[in-house]
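This report covers helix packing, nonpolar cores and selected residues of one model. Please have the sequence and coordinates at hand while reading.

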Amino acid sequence: MLIGLTGRNASGKGEVAKYLEQKSFYYYSLSDVIRDEIRRRGQPITRETLIETGNELRQQFGPAVLAQRILEKIENDKNYVIDSIRNPREVEALRAAKNFKLVVVTAPIEVRYERLRARAREGDPVTFERFAELEQREMQGDENSQNLVHVEGMADKEIKNDGSLDQLHKAVDNLVPQMMNNNSQRPGWDVYFMDIAKVVASRSNCMKRKVAAIIVRDKRVISTGYNGTPRGTRNCNEGGCPRCNNLAASGTALDECLCSHGEENAIVQASYHGVSLKDATIYTTFAPCLMCAKMIINSGIREVVYNMDYPLNGSAFGLFKEAGVAVRKLKVD
């Protein structure tokens with residue numbers, strides 16, 4: 001999952017991020033995208049140049065650009081904490097892309113100013129008045145500017161950080177497990193297996209269409225197959241199948257096609273390795289054709305789950321019904 005952090009200067013976002021890193025979260029900051037641009041320009045990194053350069057990047061590439069550049073680095077099998085979210089479009093981009101929760105870290109301005117003075121970071125304002133003035137610039141702006149008021153209003157959770165570091169850590173310990181336990185992004189078994197089938201399809205060498213099937217029993221993949229020319233012959237994408245390479249119209253010259261179907265290959269592979277398919281389920285990216293339907297029935301498979309319709313499978317569906325093979329459509333984008 002992704003935990004996004006927002007909040008005002010010196011509210012403690014960095015401490016929350018640092019603590020989550022200790023809990024095996026990977027860290028990114030949207031501000032690092034801006035810092036990289038400032039370094040590229042050879043300018044000093046100050047609060048003012050961060051604000052100005054960030055606004056320039058949003059104006060040039062769109063208000064979600066910082067989030068989009070961070071999302072390019074995200075991997076699905078890790079948890080991340082993302083700091084310095086200051087524009088509503090950044091929140092929207094993160095919400096749309098991943099299992100994302102936004103946390104606002106809050107503290108009174110007087111407390112935050114004392115923290116800022118204690119850390120003595122280069123470029124920080126030296127007076128309370130300047131600190132308050134810079135903060136006001138971040139609070140509200142146009143679509144391409146920082147707009148903390150709007151972003152704070154979009155937060156899913158709040159952490160109040162007006163006490164000790166230990167108290168802050170306890171607040172994080174209480175909050176994060178709640179958010180992770182409510183993770184709604186974990187796929188069900190059907191989606192999980194269909195997603196695997198779609199990955200298997202990427203191995204196809206067919207010029208016309210990439211199709212794959214996986215066969216599952218007891219929630220375990222026991223065979224996979226994708227469409228392409230037979231073992232030991234030239235791949236379709238190397239000219240091995242004249243019909244596919246000539247881009248024949250759908251449903252024509254099927255007797256000339258040298259490619260085996262994904263379902264066919266999954267069943268044949270199971271036979272090749274001596275694996276029984278009795279009472280298994282086949283997940284296929286396209287609904288089976290009549291030839292594959294006959295193989296599915298005779299192999300003992302009891303259920304077919306398919307992602308997309310195949311235009312020539314009316315007879316196949318009728319045969320499945322007569323043979324008592326269950327058929328379900330599961331559309332996974």
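## Basis

This is a predicted model, in which local features need pLDDT of at least 70, side-chain atom pairs count only at pLDDT 80 or more, and totals for chains, interfaces and linings use all residues. Residues are numbered from 1 along each chain as its sequence is written, and side-chain values use heavy atoms, with hydrogens and water left out.

Helices (H or I, at least four residues) and strands (E, at least two) are DSSP runs, numbered from the N terminus.

## Helix pairs

Axes are lines fitted to C-alpha atoms, for helices over the stretch in contact, and angles run from 0 to 180 degrees between N-to-C directions. Angles under 35 degrees count as roughly parallel, over 145 as roughly antiparallel, 65 to 115 as roughly perpendicular and the rest as oblique.

| Helix pair | Axis separation | Axis angle |
|---|---|---|
| H6 and H7 | within 11 Å | roughly 115° |
| H3 and H7 | 11 Å | about 10° |
| H12 and H13 | within 9 Å | roughly 30° |

Helix H6 spans residues 109-119 and helix H7 spans residues 128-139. At their angle, H6 and H7 are roughly perpendicular to each other. Their crossing is right-handed; a crossing has this hand if the near helix is turned clockwise from the far one by less than a right angle, and is left-handed if anticlockwise. On the H6 side, the residues that meet H7 are Ile-109, Arg-112, Tyr-113 and Leu-116, and their partners in H7 are Phe-128, Phe-131, Ala-132 and Glu-135. Contact here means heavy atoms within 4.5 Å. The contact of H6 with H7 comprises six nonpolar, no polar and two charged residues. In this classification Ala, Val, Leu, Ile, Met, Phe, Trp, Tyr, Cys and Pro count as nonpolar, Asp, Glu, Lys and Arg as charged, and the others, Gly among them, as polar.

H7 also packs with H3, at an angle of about 10°. That angle makes H3 roughly parallel to H7. Arg-47, Glu-48, Ile-51 and Glu-52 of H3 meet Arg-130, Leu-134, Arg-137 and Glu-138 of H7. This contact has two nonpolar, no polar and six charged residues.

The crossing of H12 and H13 is left-handed. H12 contributes Glu-263, Glu-264, Ile-267 and Val-268, while H13 contributes Met-291, Cys-292, Met-295, Ile-296 and Ser-299. Divided by class, these are six nonpolar, one polar and two charged residues.

## Nonpolar cores

A nonpolar core is a set of buried Ala, Val, Leu, Ile, Met, Phe, Trp, Tyr and Cys residues joined through side-chain atoms within 4.5 Å. Buried means under 20% relative accessible area, exposed over 50%, and partly exposed in between (1.4 Å probe, protein chains only).

The largest nonpolar core has 24 residues, of which Leu-2, Ile-85 and Leu-94 touch the most other members. Two or more residues each come from helix H2 (30-41), helix H3 (47-61), helix H4 (65-71), strand S3 (80-83), helix H5 (88-97) and strand S4 (100-106). H4 gives the most, with five residues. There is a second, separate core of 17 residues, with Phe-25, Val-105, Ile-159 and Met-179 among them.

## Single residues

Which residues does Gln-146 contact, leaving aside its neighbours within four places in sequence? They are Ile-51, Asn-55, Arg-58, Arg-86, Glu-138, Gln-140 and Gly-141. Gln-146 lies in the loop between H7 and helix H8 (148-153) and is buried, with a relative accessible area of 6%.

Glu-152 is placed in helix H8 and counts as buried at 19% relative accessibility. Leaving aside neighbours within four places in sequence, Glu-152 is in contact with Gly-7, Arg-8, Val-104 and Met-139.

Gly-262 is in helix H12 and is buried, with a relative accessible area of 0%. Its C-alpha atom is separated by 8.4 Å from that of Ile-214, 48 residues apart along the chain. Not counting residues up to four places away in sequence, Gly-262 touches Val-211, Ala-212, Ala-213, Gly-225, Tyr-226 and Asn-227.

Asp-218 has a positive phi of about 55° although it is not a glycine. Asp-218 sits in the loop between strand S6 (212-217) and strand S7 (220-226), and is exposed at a relative accessible area of 72%. Asp-279, also not a glycine, has a positive phi of about 65°. Asp-279 is in the loop between helix H12 (262-272) and strand S8 (281-286), and is partly exposed at 46% relative accessibility.
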